[in-house]
Amino acid sequence: MAAPYNDVAIGGRLELLLRLLDQDPANASLLSDAADAALTERRPDIARDLYTRCEALAPLSSAQLGQAGLAAMQQADFAAAEAIFARLHQQQPADASLRFNLAWSLAMLKRFDEALALLDEQTVIALPQAAMLRIQLMHDGERHDEAFAEAKRHIERHPSHKGLAAAVSVLAMDMEDVALARECATRGGEHPDALTTLGVLALGDEQGGQAKALFERALKLNTKAPRAWVGVGLAALAAGDSAAAARDIEHGAEMFAEHVGSWIAAGWAHVIKGDLEAGRRCFAKALALDHNFSESHGSLGVIAILENRFDDARPLAATALRLDKQSFSGALAHALLLQSQNKPDLARKIIDRALNTPIDASGKTIAQAMARQALSWR
């Protein structure tokens, strides 16, 4: 077997073709067949090397270039994939599969507007995965109303595509259409986003154990799913494990990076755990992301009170309530200022009691109710 591959476990048709290539390394047909087999057997590293060897003998055909692009995508080398699919798209601008692969590569490179522009009506009609990506890009770009209107058309056109259903379930949660979110999440089967939506719904139904199991199933399928990390942290918070909650919610916030609500939830999990420094750090990140989000100001105000910095707390509480008269943290900071009278120990007792006071017959506390807003606060 050729030297570059003799340290990997290879079997089946690929192994046979590679052994034949040992005897005839410049056979273009064998190289192409082996590259295709490597791609099928999820060995993109071998596939890319073989396509490079093919290209050294003769220019790659469009089909071979497309396969090389898929191999680059499998290796998460989206810059290489984008270059290949951009070249092919210029040659065949109407090809829906090429448009989708180029859009996906651009999206992974965070060139979102360029990706969205490729997903035109013809492409999303032809490919449900293109409709899924379009909804995700519009959702992430905060074009929520437009995305929601399109999503309803797409799921009627492609009712059996699990990825699309899962993407719509996430959007529907943000649009507060619980019935559609549940329906689409159920359609989504074992898709991680569908499981996460069902987990969020279970949390809302006070089914913490079921929610935790759903989030953990999602994470087994995709460890890079930030909503699932935040969700499993919220489930831990509901179970009274503030240490695990703070760890997992902050991990999800770091993966989201720019999702303000998850940083607020992480901060409150730290506060509940008793780590004010970590709480302030998370609230400060939320404030840096959106200076006009009331809960960032109010939450920092509460921290200031607990640290006996009452002069700092007053303007923070006032700003929070000016931005949103319904701000929970702003109202809490204002109440603490009125009641604690420059007594930080009393403020700590008041906030502990407030955060752990049940607010309804289910026993859900204020802290849990507030933290659960993490997946909807944008």
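A residue is called buried here at under 20% relative accessible area, exposed at over 50% and partly exposed in between, with a 1.4 Å probe and protein chains only. The model is predicted; local features need pLDDT of at least 70 and side-chain atom pairs count only at pLDDT 80 or more, while totals for chains, interfaces and linings use all residues. Residues are numbered from 1 along each chain as its sequence is written, and side-chain values use heavy atoms, with hydrogens and water left out.

Helices (H or I, at least four residues) and strands (E, at least two) are DSSP runs, numbered from the N terminus. Helix H15 covers residues 226-238. Its buried residues are Pro 226, Arg 227, Ala 228, Trp 229, Val 230, Gly 231, Val 232, Gly 233, Leu 234, Ala 235, Ala 236 and Leu 237. Because 12 of its 13 residues are buried, H15 is largely enclosed by the rest of the structure. The expected span of a helix is 1.5 Å times one less than its number of residues. H15 reaches 18 Å from first C-alpha to last, close to the expected 18 Å. Just after H15, Gly 240 takes a positive phi of about 90°.

Buried in H10 are His 144, Ala 147, Phe 148, Glu 150, Ala 151, His 154 and Ile 155. An α-helix has 3.6 residues a turn, so residues three or four places apart point the same way. The cover over the buried residues of H10 includes helices H8 (121-126), H9 (128-140), H11 (162-174) and H12 (178-187).

Thr 197 sits in helix H13 (residues 192-204). Thr 197 is buried, at 4% relative accessible area. Contact means heavy atoms within 4.5 Å. Beyond neighbours within four places in sequence, Thr 197 is in contact with Ser 169, Val 170, Met 173, Ala 181 and Ala 185. The side chains of Thr 197 and Ser 169 also form a polar contact at 2.8 Å (a pair of N or O atoms within 3.5 Å; within protein, one must be able to donate a hydrogen and the other to accept it, and residues adjacent in sequence count only if both atoms are side-chain atoms).

The largest nonpolar core has 116 residues. Such a core is a set of buried Ala, Val, Leu, Ile, Met, Phe, Trp, Tyr and Cys residues joined through side-chain atoms within 4.5 Å. Those with the most contacts inside it are Leu 50, Ile 249, Trp 268, Val 302, Ile 305 and Leu 336.
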